[in-house]
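Good morning, everyone, and thank you for making time for this short talk.

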Amino acid sequence: METIELTFTLNQREVTVSVAPNRRLLDILREELHLTGTKEGCGIGECGACTVLLNGRTVNSCLILAGQAQGSEIITIEGVEKAGGKLHPLQESFLEKGAVQCGFCTPGMVLSALALLRKNSTPNVDEIREAISGNLCRCTGYKQIVEAIQAAAGKLQRK
Ligand code: FES
Ligand code: FES
């Protein structure tokens, strides 16, 4: 199949890849760019495991075709940690609160939480639940995840 050349900003670095136009962003990230933190669960936009930020908004990367990424700014879980490999307060809080069990949902959860905290630095429980409503977790029962996001919001406030 014919390929297209795609250039976008990924975790603050410009990348260019040649891909078939019908490739999904999820596959480009995992298979072409070897960033396997973004997970594939359902592949049909229902579980949120593949969540990334595209131009600051959460998207299911299993539903985004190559051409839609052209010229965009994408953040994956690999781009969330601070310079020098220091964990982001959200990542720290997920660990501290026991919000990571099998970890499959965690990258998507963290990105949904990051998008929330960027627009609302003091979310209440209902707002947190709403923000992660597209991310399914089969392990934790969500309580620890909500607590972790609240704790991270508190840490970010104190910075
Ligand atoms: S793998 Fe994309 S929403 Fe489930
Ligand atoms: S920690 Fe296992 S799916 Fe959420």
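This is a predicted model: local features need pLDDT of at least 70, side-chain atom pairs count only at pLDDT 80 or more; totals for chains, interfaces and linings use all residues.

As for the naming, residues are numbered from 1 along each chain as its sequence is written, and chains are lettered from A and ligands numbered from 1 in the order in which they are written.

The domain assignment divides the protein into domain 1, residues 4-79, and domain 2, residues 83-158, and such bounds come from an automatic or database domain assignment. Taken over C-alpha atoms, the centres of the two domains are 21 Å apart. Where they meet, 14 residues of domain 1 are in contact with 11 residues of domain 2, and contact here says that the C-beta atoms of two residues, placed from the backbone, lie within 7 Å.

Which elements give two or more residues to the side of domain 1 that touches domain 2? They are strand 3, residues 51-54, and strand 4, residues 57-60, and strand 3 gives the most, with 3 residues. By class, this side of domain 1 has 6 nonpolar, 6 polar and 2 charged residues; Ala, Val, Leu, Ile, Met, Phe, Trp, Tyr, Cys and Pro count as nonpolar, Asp, Glu, Lys and Arg as charged, and the others, Gly among them, as polar. The strands and helices I name are DSSP runs numbered from the N terminus, with at least two residues of type E for a strand and at least four of type H or I for a helix.

Turning to the sheet, 5 strands form an open sheet in the order 2-1-5-3-4, with mixed pairing, where two strands pair if DSSP finds at least two bridges between them. Strand 2 and strand 4 are the edge strands, each pairing on one side only.

We can now look at some of the pairs within this sheet. Strand 1, residues 4-10, and strand 5, residues 73-75, are parallel and share 2 bridges, and L10 has I74 as its bridge partner in strand 5. Strand 3 and strand 5, by contrast, run antiparallel and are joined by 2 bridges, with L53 standing opposite I75 of strand 5. Strand 3 also pairs with strand 4, in the antiparallel sense over 4 bridges, and there T51 has N60 as its bridge partner. The hairpin of strand 3 and strand 4 has 2 residues between the strands, and N55 takes a positive phi near 50° in it.

Finally, I come to the two residues. V19 lies in strand 2, residues 13-19. Is V19 buried or exposed? V19 counts as buried because it has 21 C-beta neighbours inside 10 Å, and the cut-offs are 20 or more other C-beta atoms within 10 Å for buried, 12 or fewer for exposed, and anything in between for partly exposed, with C-beta atoms placed from the backbone. Leaving aside neighbours within four places in sequence, V19 is in contact with T3, I4, L6, I28, E32 and A66.

C137, for its part, is found in the loop between helix 5, residues 125-131, and helix 6, residues 143-158. C137 is buried as well, with 22 other C-beta atoms within 10 Å, and, not counting residues up to four places away in sequence, C137 touches C105, Y142 and I145.
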